[in-house]
Structure formats: structure tokens, C-alpha cells
Amino acid sequence: MNDQHSGYVHAVLTGQRGIWAMGLAAVIGAVLVVLVTRDMIDHVPLYDELLHVLAAQGLLESGAPVIGTGEYRRGELFTRAVAFSFERMGVDLVAARLPALLATAALVALIGAWVTRRAGLLAGIAAACVLALAPLTIQLAVIARFYTLHALAATVLLICAYEASIPARKLSARIGLGVLALTALVVAWRLQPSTIIAAG
């Protein structure tokens, strides 16, 4: 009976690649990100964070990402996400960092789900957990910078490009994946212009 049970557990962990398995790996990864970072998100501000924070305040006050007499346009999509967070939660550093944290959770969830789809539930959970616990992941999840959102867009781009290249894929699916990949490329490029060099 124990051998049968062990065999069943092994089959579930390595063979399950459906929607429920992908969802389970995604949820485990996203929850782990939140649990690991919950006591780290309220820390002393870093200089680079203040660029987005002040520009987001400028957006709320004037409609443009102004800081003093100038404008801060780098990673403007992220600045707008920070301004949106400020509108909903108030102007403070934790609210400014929430877009980065949410992008990190989404990135880890995506990796967990996709690896599950390709290699099984055990591999998906392992991939999500390793990424969630990586020191750089944790560090970038709790600072108000565009890096995690850029990583999410780049990952969507690469996964879609890979999936579209599979020979058995239907033409309609290839077109849909191609459109999604191009959309992700535009988002990544808007966050970090050098993305276009890597894409080339």
C-alpha cells in the first residue's frame, strides 16, 4: 500500500501538467514571494527609488512626471504604476513599492505555471520556489524601481516566442502568441530602451 501511495504521489508530482497543477505552482510561488518580503518592504528609501516616487507625485499633481523643474521619463510606465498605487493607498514608500512586489509575484507565478506545463508539477514548484527565494529577487521586489516589471515583460516575450516556435502549434495560436510577444516587447522597451538591442 505504501509503495502504491508513493507511486501515486510521484506520478502526481512529475506527471501533472494541467491547469490545476499550473495554478498550484503559481499560487505557491506568489504566496512565497509575499511571505518572504512582508517584513522587508518598509525600509529606508534608496536614491533610485526617489526618482519614481517624486515623478509619481508630479504625475498626481500636474499630470506629468516632473521632479522640480525637469521631467523623469525613464521607466515611465512604472512611474505611472506608482502613481496609481498612490491614488489607491496614499503616498508612502510601501505603496510605491507595491508595483514592484506585484510584478515579482506575477513573474514567479508565471515561471511556476509555465515550467509545470513543460516539465511537471514538481519542476514547476521547484522553479517558483528557487526564483522566489533568490536574494536578487527578494531585493528587487521591495524597491520602487522598474526592474521586476521589465523582467516580467521580457519573460512573457521569451515564453511566447518559444511557444510560437513549436512546429505542431496551430497557425492561429502562433499569430496570437506573436501578437502577445510583440506587446510584451513594446512594454519591455518602454521600461528599458536597451531591450530593443537584446531583441535584435
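These legends walk through several close-up views of one protein chain.

The chain is a predicted model in which local features need pLDDT of at least 70 and side-chain atom pairs count only at pLDDT 80 or more, while totals for chains, interfaces and linings use all residues. Residues are numbered from 1 along each chain as its sequence is written, and side-chain values use heavy atoms, with hydrogens and water left out.

View 1. Helices (H or I, at least four residues) and strands (E, at least two) are DSSP runs, numbered from the N terminus. Follow the sequence and you get the pattern α-α-α-β-β-α-α-α-α-α-α-α. Along the principal axes, the C-alpha atoms fill a box of roughly 70 × 40 × 25 Å. Of the 200 residues, 40% count as buried; buried means under 20% relative accessible area, exposed over 50%, and partly exposed in between (1.4 Å probe, protein chains only).

View 2. Thr37 belongs to helix 2 (residues 19–37). Is Thr37 buried or exposed? Its relative accessibility is 2%, so Thr37 counts as buried. Contact here means heavy atoms within 4.5 Å. Setting aside neighbours within four places in sequence, Thr37 is in contact with Leu101, Ile138, Ala141 and Val142.

**View 3. His43, a loop residue.** His43 sits in the loop between helix 2 and helix 3 (47–62). With 24% relative accessibility, His43 counts as partly exposed. If you skip residues up to four places away in sequence, His43 touches Glu49, Leu93, Arg97, Val142 and Ile143. His43 and Ile143 are 100 residues apart along the chain, and their C-alpha atoms are separated by 8.9 Å.

**View 4. His150 in helix 8.** Helix 8 covers residues 147–164, and His150 has its place there. Its relative accessible area is 19%, so His150 is buried. Not counting residues up to four places away in sequence, His150 touches Ala188, Leu191, Gln192 and Thr195.

**View 5. Glu163 and its salt bridges with Arg118 and Arg169.** A salt bridge is a side-chain nitrogen of Lys or Arg within 4 Å of a carboxyl oxygen of Asp or Glu. Arg118 and Glu163 meet in one at 2.7 Å, N to O. That pair links distant parts of the chain: Arg118 is in helix 5 (residues 93–119) and Glu163 in helix 8, 45 residues apart. Arg169 also forms a salt bridge with Glu163, with the closest N and O atoms 2.2 Å apart. Glu163 is buried, at a relative accessible area of 9%, while Arg118 is partly exposed at 34% and Arg169 is partly exposed at 26%.

View 6. How many salt bridges does the count come to? The count comes to seven. Glu71, Arg73, Glu76 and Arg80 are linked in a network of them. The side chains of Arg88 and Glu87 meet in a salt bridge too, at 3.2 Å, N to O, and both Arg88 and Glu87 are exposed.
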